[in-house]
Amino acid sequence: MFKITYRMVPPKDVVFSSVRRLFSGRNILSGPSIKKFEDELRNYIGVDYAVAVSSARYGLYLILKSLPIRKGVDEVILPAYMPVIVAKVAVLCGLKPVFVDVDPETLNMDPDDVERKITKNTKAIIMVHLYGVPCDIDRIVSIARKHNLFLIEDASQALGAFYKGKRVGSFGDATVFSFNFQKNLTTCGGGVVLTNNKVLYDKIRENINHLPYPSRIELIYRVVRILTDWVLTHPVFFTYFTYPFLRLLVATRLVTLREISDYSFRSVVPLHKMAKMREEEFVEMFGKRFTNIQAEIGLQQLKNYDERLKRGSENIEMLEDFIGKKRVLPKDVVPAYFLYYMFVDNVEMVLKHFFKHGILICGTHYPILPDLDMFSKYSCDCPATRDNAKKVIYLPFRSHLGVENLFRIAKAFNNVVQNKKMVYIPKKLPYRKVSLYGLAEDEED
Ligand SMILES: Cc1ncc(COP(=O)(O)O)c(C=O)c1O
């Protein structure tokens, strides 16, 4: 029986054709595919303009830099639970981050708290659709309009999600998507800025035209990285090499499962370095152009992207059926899950339980932002974030998993539920019971 883990990599044909492209030496840096990729993305989302960028973080930086910001005075509203780099970019651009609490059900920003935190200095809102689940977009859009605020959608994790029949990424004044290594669509690092605003588009286009291309060595490193990730998480290799190796590391206490989990979602810049990073360093590190080879890798995945998303959602449905609980989302929302998350009382014990059963899962990978030293000046009270953020685990669901594997994951999860020491905490969380496919009944919520 194979061991199970996440596969954050694109399909095999994409991985291998990326390697071939790299060594073909043809149009690696500049070329016509960049424009084609931009056009396909803007058509896919339904907006007027697209600029491919080196990363979502650099896209955010370009958007914020194009706004008239009073440094050290203007504020930006963003969620207290999300990737640290987003808040760091806001600080680098001279904005004061104002963290808002999250909705305990979706972990997306709570519109009531957004409204409460608006001041006369608020300049913009960054609305992050976490884990691929759209925010309460109507409320946030109407708050932004009412107070005349610039609304940025950080849809990095939500390519393909819908809100009221429209693609996420078409609601803000500007949007970023990320195509980094872990995303549902990856270009080995990269991102795109989308907007309907011609002035903003021209500014960003002008800005990126002056940036250097990444070096050939860097591109080789990136392609080798998806290849390595692909190999290490391939079911056969994972079963006979990666898992036993990790097991040995854990048994000898060289690493903990939590550290493995954090490593799986490692950030390009470690936290201690990010805390000290200045704007020039940031620009030097990330101010690069998106390349033709990355566009080709992206275009290849776009062809059947929706199909892959659909297979992932079908797997989630099956997993939920086996578990016996279905997440209930607002009826106007169709998520494009990047991570399928659940809440548990004791993440460490749950990780151990799964690992013992041959399944490597991960736990929360975002810190509570206002609690970080680097944002100590902007600390604030976020009770729902504090209550829930540390209880998140991610269950594998991607299309490489068949029914049998999904059943094993659900079974391991349900065993956790039945173990009183690791009580599952649905409390006010939005689940309903569904048929249990022969699994033992779990506790009443
Ligand atoms: C919500 C969100 N915003 C921004 C980023 C930064 O993306 P990138 O790595 O492309 O800069 C990420 C990446 O993990 C993300 O998930």
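The structure is a predicted model, in which local features need pLDDT of at least 70 and side-chain atom pairs count only at pLDDT 80 or more, while totals for chains, interfaces and linings use all residues. Residues are numbered from 1 along each chain as its sequence is written. Helices (H or I, at least four residues) and strands (E, at least two) are DSSP runs, numbered from the N terminus.

We begin with a sheet. Seven strands form an open sheet with mixed pairing, and their order is β1-β9-β8-β5-β4-β2-β3; two strands pair if DSSP finds at least two bridges between them. The edges are taken by β1 (49-53) and β3 (96-100), each of which has a single partner strand, so one side of each is left without a neighbour in the sheet. On average, and with direction ignored, neighbouring strands of this sheet are turned by 20° against each other.

The axes of α3 and α4 come within 9 Å and cross at roughly 30°, where axes are lines fitted to C-alpha atoms, for helices over the stretch in contact, and angles run from 0 to 180 degrees between N-to-C directions. That angle makes α3 roughly parallel to α4 (angles under 35 degrees count as roughly parallel, over 145 as roughly antiparallel, 65 to 115 as roughly perpendicular and the rest as oblique). In the contact, R57, L60, Y61 and L64 of α3 meet I85, V86, V89, A90 and L92 of α4, two residues being in contact if their C-beta atoms, placed from the backbone, lie within 7 Å. These residues divide into eight nonpolar, no polar and one charged; here Ala, Val, Leu, Ile, Met, Phe, Trp, Tyr, Cys and Pro count as nonpolar, Asp, Glu, Lys and Arg as charged, and the others, Gly among them, as polar.

Of the 14 residues around the ligand, S55, A56, R57, S156 and S178 come nearest, and a residue counts as near if its C-beta atom, placed from the backbone, lies within 6 Å. The shell has six nonpolar, six polar and two charged residues.

Helix α1 takes part in two further contacts. With helix α8 (residues 216-232), α1 packs at an angle of about 155°, the axes being 10 Å apart, which makes α1 roughly antiparallel to α8. Here V15, S18, V19 and L22 in α1 meet L219, I220, V223, I226, L227 and W230 in α8, and by class this contact has nine nonpolar, one polar and no charged residues. Helix α1 (residues 12-24) and helix α13 (residues 292-302) also pack at about 155°, with their axes 10 Å apart, and that makes α1 roughly antiparallel to α13. The contact is made by V14, S17, S18, R21 and L22 of α1 and I293, E296, I297, Q300 and Q301 of α13, which divide into four nonpolar, four polar and two charged.

Finally, an open sheet of three strands has the order β7-β6-β11 and antiparallel pairing.
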